[in-house]
Amino acid sequence: MPRFFVEPFEGSLITLTGENAKHVHVLRMHRQEELTLCDARGTDYLCRIADIDASSVTCQILQRVPSQGEPAVRITVYVAFPKQDKLEHIVQKATELGAAEIAVFPSERCVSRPDGKALKTKLPRWEKIAASAAEQSGRGRIPRVRTLPNWQAVLDEAKACDLPLFFYELEAENALHQLLLGRQWRSAAIITGPEGGFSEREAAQAVQAGLLSASLGTRILRCETAP
């Protein structure tokens, strides 16, 4: 069933305009056909098209239900700036897999370090990718995409989570599955590095801050694969 994100609303009718209305026309939908609207706050609305014209689509709400696409654990994915357009892939897949937020930051070995001007262009595109992926994958919320100024800001945020996971390619003892055994948590942080990985200094700071240094196995994963 077609699915669209809309602004929170009240009442039994809602009118779609702009891109959502265009999408309904592209799908060649007609009166009495059903679709799902989501308020991006975790509620889905099963609707039927009551009226349609060239620029708008009026939908009648049939049922309100909690979104089924949201995980019980709130996960924030912290990713060091990768090169080229790899972050677009990361945002898309992290959204599909249930991330609540994607936070990007500079680390010591980052090759890419976009400045404020570049980020003004990139952030809206990342947000659009997250919205599209959330719609396609049946999410009930659109993940927030944001940037952090430095490594210390990442540590300060991540250590407040119930399960702060720092993935380090030189970690030899703590495998991910071992760290998950016997734990209960409602929030988690997933932190991964750039193409060159984290420095020893950054790894030491993460452990000192209380993060759990974890291994994803013996294979070295690409920076866009690990998160």
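Q: By class, which residues does the lining of the largest pocket have?
A: In this predicted model, the lining of the largest pocket has 10 nonpolar, six polar and six charged residues.

Q: Which residues lie nearest the centre of that pocket?
A: Glu169, Ile220, Leu221, Arg222 and Ala226 lie nearest the centre of the largest pocket, out of a lining of 22 residues.

Q: And how much space lies in the largest pocket?
A: The largest pocket holds about 350 Å³ of space. For the second largest pocket, the value is about 310 Å³.

Q: What lines the second largest pocket?
A: Its lining consists of Phe4, Phe5, Glu19, Asn20, His23, Lys128, Ala131, Ser132, Glu135 and Ile142. By class, these divide into four nonpolar, three polar and three charged residues.

Q: Which helices and strands each supply at least two residues of that lining?
A: Strand E1 (3-5), helix H1 (18-26) and helix H3 (116-137) each supply at least two residues. Helix H3 gives the most to the lining of the second largest pocket, namely four residues.

Q: Let us stay with H3, then. How many residues has it, and how far does it reach?
A: Helix H3 has 22 residues, and the distance from its first C-alpha to its last is 31 Å. That is close to the 32 Å expected at 1.5 Å a residue.

Q: Where in H3 does a kink lie?
A: The kink in H3 lies at Lys122, shortly before the proline Pro124, and amounts to about 25°.

Q: Which residues of H3 are buried?
A: The buried residues of H3 are Leu119, Trp126, Ile129, Ala130, Ala133 and Ala134. They pack against E1, helix H2 (86-96) and strand E8 (144-147).

Q: Why do residues three or four places apart in an α-helix point the same way?
A: An α-helix has 3.6 residues a turn, so residues at a spacing of three or four places point the same way.

Q: What about Lys128, buried or exposed?
A: Lys128 lies in helix H3. Its relative accessible area is 63%, and the cut-off for exposed is over 50%, so Lys128 counts as exposed. Lys128 is also one of the residues that line the second largest pocket.

Q: How far is Lys128 from Ile102?
A: The C-alpha atoms of Lys128 and Ile102 are separated by 13 Å, and the two residues are 26 residues apart along the chain.

Q: What follows H3?
A: Gly138 follows H3, and the phi of Gly138 is positive, near 80°.

Q: Which residues other than glycine have a positive phi, for example Gln32 or Ala40?
A: Gln32 has a positive phi of about 80° although it is not a glycine. Ala40 also has a positive phi, near 65°, and is a residue other than glycine.

Q: Where are those two placed?
A: Gln32 is in the loop between H1 and E3, and Ala40 is in the loop between E3 and strand E4 (43-52). Gln32 is exposed, with a relative accessible area of 53%. Ala40 is partly exposed, with a relative accessible area of 26%.

Q: E3 keeps coming up. What about Thr36, buried or exposed?
A: Thr36 is placed in strand E3 (residues 34-38). Buried means under 20% relative accessible area, and Thr36 has 13%, so Thr36 is buried.

Q: What does Thr36 touch?
A: Not counting residues up to four places away in sequence, Thr36 touches Met1, Pro2, Arg3, Phe4, Asp44, Tyr45 and Leu46.

Q: New topic: where does Phe81 lie, and is Phe81 buried or exposed?
A: Phe81 lies in the loop between strand E6 (74-80) and H2. Phe81 is buried, with a relative accessible area of 5%.

Q: With which residues is Phe81 in contact?
A: Leaving aside neighbours within four places in sequence, the contacts of Phe81 include Val104, Phe105, Pro106, Cys110, Leu119 and Trp126. Leu119 and Trp126 are among the buried residues of H3.

Q: And how far apart are Phe81 and Ile142?
A: They are 61 residues apart in sequence and 21 Å apart in space, C-alpha to C-alpha.

Q: Finally, how many helices and strands are there in the protein?
A: There are six helices and 11 strands in the protein. The C-alpha trace spans about 60 × 45 × 30 Å along its principal axes. Of the 227 residues, 44% count as buried.

Notes: Residues numbered from 1 in each chain as written. Predicted model: local features only at pLDDT ≥ 70, side-chain atom pairs only at ≥ 80, totals over all residues. Heavy atoms only, no water. 1 Å grid on protein atoms, 1.4 Å probe; cavity = no way out; pocket = protein on both sides within 12 Å on 5 of 7 lines; lining within 4 Å. Points joined across faces, edges and corners; volume = space filled by probe spheres on them. Nonpolar A, V, L, I, M, F, W, Y, C, P; charged D, E, K, R; others polar. Expected span 1.5 Å × (residues − 1). Bend = angle between axes of the 7 residues up to and from the residue. Buried < 20%, exposed > 50% of the residue type's maximum accessible area, 1.4 Å probe, protein only. Contact = heavy atoms within 4.5 Å.
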